[in-house]
Amino acid sequence: MVEYRIDRRSGVATYVQIVQQTKQALRLGLLEPGDKLPTAREVVEATAINPNTVLKAYRELEREGLVEARRGLGTFVRRSLGTATPAESPLHGELDAWASKAREAGLDREDVAALFTAVLEKHFTDKHSLGDVS
Amino acid sequence: MTDTAGLALEATAVGRRFGARWKAPAWALRDCTFKLAAGRVCAVVGPNGAGKSTLLALAAGLLVPTEGTVTVLGTDPASARTRVGYVAQDKPLYPQLTVAETLRMGADLNPGRWDAATGERIVADGGLDPAARVRSLSGGQRTRVALALALAKRPELLLLDEPMADLDPLARHELMGVLMAQAAQHGTTIVMSSHVVAELEGSCDHLLLIGGGRVRLSGEIDDLLAAHVRVSGLAETSLDPHTVVEARTTGRQLTALVRPSGPLPESLRTSTPSLEELVLSYLRNPQAPGTTPAEHEKAAI
């Protein structure tokens with residue numbers, strides 16, 4: 001079973017936090033195929049968030065094929081997630097090299113974080129951003 | 001969402017006036033129109049004296065509108081009363097009754113609907129002694145008893161006026177959890193007022209912002225947030241033709257909350273506002289044009 005921790009000040013949409021924490025639990029092996037996710041009622045009773053938010057998160061996980069809803073029984077894990085980027089992967093290596101380079105160039109931790117976030121936002125615009133709406 | 005069957009609450013041009021006609025009558029609410037679909041958790045937000053309590057009392061059938069109509073669960077408020085739970089701001093209870101007697105009174109007054117287990121559990125979770133008299137309880141404990149009464153009635157629509165004001169943060173979180181569980185399990189529509197927006201963010205999915213006796217904003221919170229953008233950029237950037245809710249310049253920097261009517265200038269940095277930012281921007285700017293679902297629908301066409 002997984003327990004969700006909702007951070008209301010993080011700026012990350014609540015349903016996204018649930019999706020992310022579920023995936024994290026899958027990566028860490030805290031959740032395995034066949035395991036049952038907590039019911040919407042259980043989640044909202046513990047976190048005081050809106051029930052529709054939980055359902056939205058579960059629908060998103062279902063859409064990604066990670067879980068399945070079984071009518072009247074609950075929501076179950078269908079497959080686990082491998083570790084996305086193991087420490088020895090080429091991506092990790094490149095990022096590591098880039099971080100050393102940034103440090104040599106005199107950037108401090110916050111500069112690097114700001115730069116990284118800016119690039120991240122450029123490449124992973126979330127679907128609620130205005131560009132898609134208008 | 002246009003059929004009345006799926007609506008928990010609907011107000012059409014509702015106004016309520018207090019005071020005698022010849023002595024400068026005061027309108028607490030004027031020209032209020034909105035719809036709330038069943039199963040929503042709606043936050044009624046606004047400054048003190050905005051008309052929040054009046055609106056809830058009208059929905060509960062305790063006040064009659066001076067003009068316009070209120071429809072509750074597809075009928076008039078008086079006929080819907082057995083299916084509606086209402087907790088007034090001052091949590092009226094009989095001080096001389098004990099907690100257990102108060103719950104028994106609830107059972108007697110609501111034959112056929114009463115869920116004794118729910119009422120007893122909510123009271124017990126707060127560590128209240130069933131033999132304690134209501135008179136001897138603290139404000140927060142009284143709130144808990146009032147919510148136990150309202151929830152044990154298994155209402156289809158629950159109207160709560162400033163429900164959390166007397167509660168400590170722990171009890172607030174726990175009782176909000178109880179309310180959300182009720183909504184999840186029974187599909188209860190919940191309407192709750194507060195002037196602490198942060199306490200409602202995350203729990204509510206619908207917003208009704210009231211200011212000066214009128215509806216300023218009404219709609220799904222996700223839609224409202226998606227319709228607004230916080231922008232920052234250089235002071236000389238023009239925000240035309242977008243609707244500007246609030247704009248401030250500090251030195252060379254411009255920050256604003258806008259409702260875009262098309263693509264925004266590339267030079268602006270944009271971010272999604274939080275619910276609190278959105279509400280505060282509207283409250284600070286009483287002249288800012290609001291949106292209601294009707295306008296959304298028109299805009300969509």
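Guide: What follows is a set of questions on labels and the values behind them.

Visitor: What kind of model is this?

Guide: This is a predicted model.

Visitor: Which pattern does chain A follow along the sequence?

Guide: Chain A runs α-α-α-β-β-α-α-α. That gives six helices and two strands.

Visitor: Which domains does chain A have, and how far apart are their centres?

Guide: The domain assignment gives domain 1 (14–77) and domain 2 (90–133). Their C-alpha centres lie 29 Å apart.

Visitor: How much of chain A counts as buried?

Guide: Of its 134 residues, 31% count as buried. Chain A exposes about 9100 Å², and carbon and sulfur atoms supply 53% of that area.

Visitor: Why is A:Lys23 called buried?

Guide: Buried means under 20% relative accessible area. A:Lys23 has 19%, so it is buried.

Visitor: Where is A:Lys23, and what does it touch?

Guide: A:Lys23 is found in helix α1 (residues 14–27) of chain A. Leaving out residues up to four places away in sequence, A:Lys23 touches A:Leu61, A:Glu64, A:Leu66 and A:Leu81.

Visitor: Now chain B. What makes B:Gly15 buried?

Guide: Its relative accessible area is 0%. The cut-off is under 20%, so B:Gly15 counts as buried. B:Gly15 sits in strand β1 (residues 7–18) of chain B. Its contacts beyond four places in sequence include B:Trp27, B:Pro65 and B:Glu67.

Visitor: How many disulfides does the structure hold?

Guide: The structure holds zero disulfides over all chains.

Visitor: How far is B:Cys42 from its nearest cysteine sulfur?

Guide: That sulfur belongs to B:Cys204 and is 7.0 Å away. The limit is 2.5 Å, so B:Cys42 is in no disulfide.

Visitor: Are these two cysteines, B:Cys32 and B:Cys42, buried or exposed?

Guide: B:Cys32 has 0% relative accessibility and counts as buried. B:Cys42 has 3% and counts as buried too.

Visitor: What makes strand β6 of chain B largely enclosed?

Guide: Five of the five residues of β6 (residues 157–161) are buried, so the rest of the structure largely encloses this strand. Both faces are covered. On one side, B:Leu157, B:Leu159 and B:Asp161 are buried. On the other, B:Leu158 and B:Leu160 are buried.

Visitor: How do you know which strands pair with β6(B)?

Guide: Pairing takes at least two bridges. Strand β5 (residues 84–87) of chain B and β6(B) have four, in the parallel sense. In β6(B), B:Leu160 is the bridge partner of B:Val87. β6(B) and strand β7 (residues 189–194) of chain B have five bridges, also in the parallel sense. There, B:Asp161 has B:Ser193 as its partner in β7(B).

Visitor: Why are β11 and β13 of chain B said to stand at the edges?

Guide: The open sheet has the order β11-β12-β10-β13 (chain B), with antiparallel pairing. β11 (243–250) and β13 (269–271) each have a single partner strand, so one side of each is left without a neighbour in the sheet. From one strand to the next, the twist averages 20 degrees.

Visitor: Which helix lies across β10, β11 and β12 of chain B?

Guide: Helix α7 (residues 275–284) of chain B does, at about 90 degrees to β11(B).

Visitor: Is B:Glu162 buried or exposed?

Guide: B:Glu162 is buried, because its relative accessible area is 6% and the cut-off is under 20%. B:Glu162 is found in the loop between β6 and α5 (169–186) of chain B. Its phi is near 50 degrees, again positive in a residue other than glycine.

Terms used. Residues numbered from 1 in each chain as written. Chains lettered and ligands numbered in written order. Predicted model: local features only at pLDDT ≥ 70, side-chain atom pairs only at ≥ 80, totals over all residues. Heavy atoms only, no water. Buried < 20%, exposed > 50% of the residue type's maximum accessible area, 1.4 Å probe, protein only. Areas by Shrake-Rupley, 256 points an atom, 1.4 Å probe, with all protein chains shown as cover. Domains from an automatic or database assignment. Axes fitted to C-alpha atoms, helices over the stretch in contact; angles between N-to-C directions. Contact = heavy atoms within 4.5 Å.
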